[in-house]
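The following exercises are to be worked with the sequence and the model side by side. Each task is followed by a solution in steps.

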Amino acid sequence: MLYINGKWIQTENTFEVTNPATGETIETISLGGKEETIEAIARAKDAFKQWRKTTGNQRSNYLKKVVQLMNERSDMLAETITKENGKPLADAKSEVASAINYLDWYAEEAKRIYGDTLSPSHPDKHLMVIRQPVGVCAAITPWNFPLSMITRKIAPALAAGCTVVLKPALQTPLSAVKVFECFHEAELPEGVVNLLIGAADEIGSEMTSSPDVRKITFTGSTPIGKKLLRDSASTVKKASMELGGHAPLIVFEDADIDEAVQGVMQSKFKNSGQTCISTNRVYVAESIADEFGEKLAEKTSKLQVGNGLQDGINVGPLINENALKKVKEQVEDARDNNGKVLCGGKEADLNQDVNGHFYEPTVIQYANDQMRIATEETFGPVAPIFTFKDEDEVIERANHDSYGLAAYCFTQDLGRGLRMMQELDYGIVGINDSLPIVIQAPFGGVKESGMGKEGGKYGLEEYLEEKYVSLSTK
Ligand code: ADP
């Protein structure tokens, strides 16, 4: 299903969306390609002429209608997420709440776009800075948060007065269809939002090469982000990139160990570790590493793995066969490099005759820097424990050569907490907090983890251009 210029479009070319917990087909959907992308961009460009002239209050009212419709359908939306992505239903419900929260927040922010007047250097001049929408935005979203990544981009874009063409991940297009049904029923003007589902490279290359697309906003892997940036260079687009991460979580000897264990559980096993801010490396002070490992393994081995639609499941499947293969290879490599598997360490055997991609939540003690897992993003439920001797050493090791999205540390020492805040080279730092993400805060990374921010007032700025005006009264 495609949605272009306010109409649903079916094509001959189709794709089967499958449930990663069972391998079963959930729905067969239409795909589009180059032709539909060109059409969608043209319609978004037309729609921008009027949409940019709407008031913040008008745009706010549209967004509020979408909020209302999504609230009414929240159970169905959560079920759709679980079916196509695999995450436990409770987590899918949190995602729906967060997706709605973005729309709700930017419905308010739409009314709060300000400019500046500057003191002139000449008595007859008036100097002003006004802020205007960037134009047509191309948004590309991943499968790990199939609903909230969409609204995190579309809500601020619409609030700012931009129009949008969206390409969701092919693994999880149904959440996108459901949110677009809400846009349709909220009677957003034709062409303001457009949905393209299909071959990523075909749609992506039209989006990046079109001079009519003025901004590209992407959440996904670093290699694809780099490609999109390169391809957008010829038309010099504005860009927001939320890319990969390799989050360290540091536990100092003065930390509350139980809290830190809980911190790893929350930041490692949610979404089966398939989150760009998931902990990838746990650094524990040498003196407490054995105790910490035992406690973490004890809790981890109690996690229930299975189909996210069933009650009591904590960890769902990985998204596909390749994701499972990567996790298996990293754990084998860790074993070959003298890592000790404290729990898990293998594909989960759920005694089912269907084809899910489950891996047991795993804790690896004695991790070291020779292991692939020390530098390569895992995107799976595996927690490797490294040890360290002192603060300077762990800062040096925690700062990654190329990634800089999220980092966490646990300590009871306030001075140390403040030093870590300064020294950790990451866009997001959680101190005694492994769940720092909130709507009002800027989400985004440094280095090859990306550029630009999403969330809060910062997220809106990404969709606005500053225009400087000098008016002479002479
Ligand atoms: P992952 O490996 O986790 O699936 P990707 O970066 O490949 O991460 O995918 C994130 C999003 O980027 C998805 O919507 C995917 O379809 C899209 N994508 C992948 N390759 C391209 C491409 N060449 N051009 C545009 N979008 C792409």
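**Exercise 1.** Which residues are buried in helix 12 (residues 391–398)?

*Solution.* Two conventions come before the steps. The model is a predicted one, in which local features require pLDDT of at least 70 and side-chain atom pairs count only at pLDDT 80 or more, while totals for chains, interfaces and linings use all residues. Numbering starts from 1 along each chain as its sequence is written.

Step 1. Helices (H or I, at least four residues) and strands (E, at least two) are DSSP runs, numbered from the N terminus.

Step 2. A residue is buried if 20 or more other C-beta atoms lie within 10 Å of its own, exposed if 12 or fewer, and partly exposed in between, with C-beta atoms placed from the backbone. In helix 12, Val 394, Ile 395 and Ala 398 are buried.

Step 3. These residues cover an arc of only 105° around the axis, which puts them on the same side of helix 12; the arc is that of the directions from the helix axis to the C-beta atoms. An α-helix has 3.6 residues a turn, so residues three or four places apart point the same way.

Step 4. Asp 392, Glu 393 and Glu 396 are the exposed residues on the face of helix 12 turned away from its buried side. For Asp 392, the count is 11 C-beta neighbours inside 10 Å.

Step 5. Contact here requires that the C-beta atoms of two residues, placed from the backbone, lie within 7 Å.

**Exercise 2.** Determine how helix 3 (residues 74–85) and helix 6 (residues 174–185) pack, and describe their contact.

*Solution.* Step 1. The angle between the two helices is about 160°, and their axes are 9 Å apart. Axes are lines fitted to C-alpha atoms, for helices over the stretch in contact, and angles run from 0 to 180 degrees between N-to-C directions.

Step 1. Helix 3 is therefore roughly antiparallel to helix 6. Angles under 35 degrees count as roughly parallel, over 145 as roughly antiparallel, 65 to 115 as roughly perpendicular and the rest as oblique.

Step 2. Helix 3 contributes Leu 77, Thr 80, Ile 81 and Glu 84 to the contact, and helix 6 contributes Leu 174, Ser 175 and Lys 178.

Step 3. By class, the contact holds 3 nonpolar, 2 polar and 2 charged residues. Ala, Val, Leu, Ile, Met, Phe, Trp, Tyr, Cys and Pro count as nonpolar, Asp, Glu, Lys and Arg as charged, and the others, Gly among them, as polar.

**Exercise 3.** Which of the 14 residues around the ligand come nearest?

*Solution.* Step 1. Ala 200, Gly 204, Gly 220, Ser 221 and Ile 224 come nearest.

Step 1. At least two residues of the shell come from each of helix 7 (200–209) and helix 8 (222–232). The largest share, 3 residues, is that of helix 7.

Step 2. The shell comprises 7 nonpolar, 4 polar and 3 charged residues.

**Exercise 4.** Is Val 67 buried or exposed?

*Solution.* Step 1. Val 67 belongs to helix 2 (residues 56–72) and is buried, with 23 other C-beta atoms within 10 Å.

Step 1. Leaving out residues up to four places away in sequence, Val 67 touches Ile 100, Leu 103, Asp 104 and Ala 107. Ala 107 is 40 residues from Val 67 in sequence, and their C-alpha atoms are 8.9 Å apart.

**Exercise 5.** Where is Val 236 placed?

*Solution.* Step 1. Val 236 is in the loop between helix 8 and strand 11 (238–242). Val 236 is exposed, with 9 other C-beta atoms within 10 Å.

Step 1. Most residues other than glycine have a negative phi. Val 236 is not a glycine, yet its phi is positive, about 40°.

Step 2. Tyr 366 also has a positive phi, near 60°. Tyr 366 lies in the loop between strand 15 (362–365) and strand 16, and is partly exposed, with 18 other C-beta atoms within 10 Å.

Key:
A residue is near a molecule or strand if its C-beta atom, placed from the backbone, lies within 6 Å of it.
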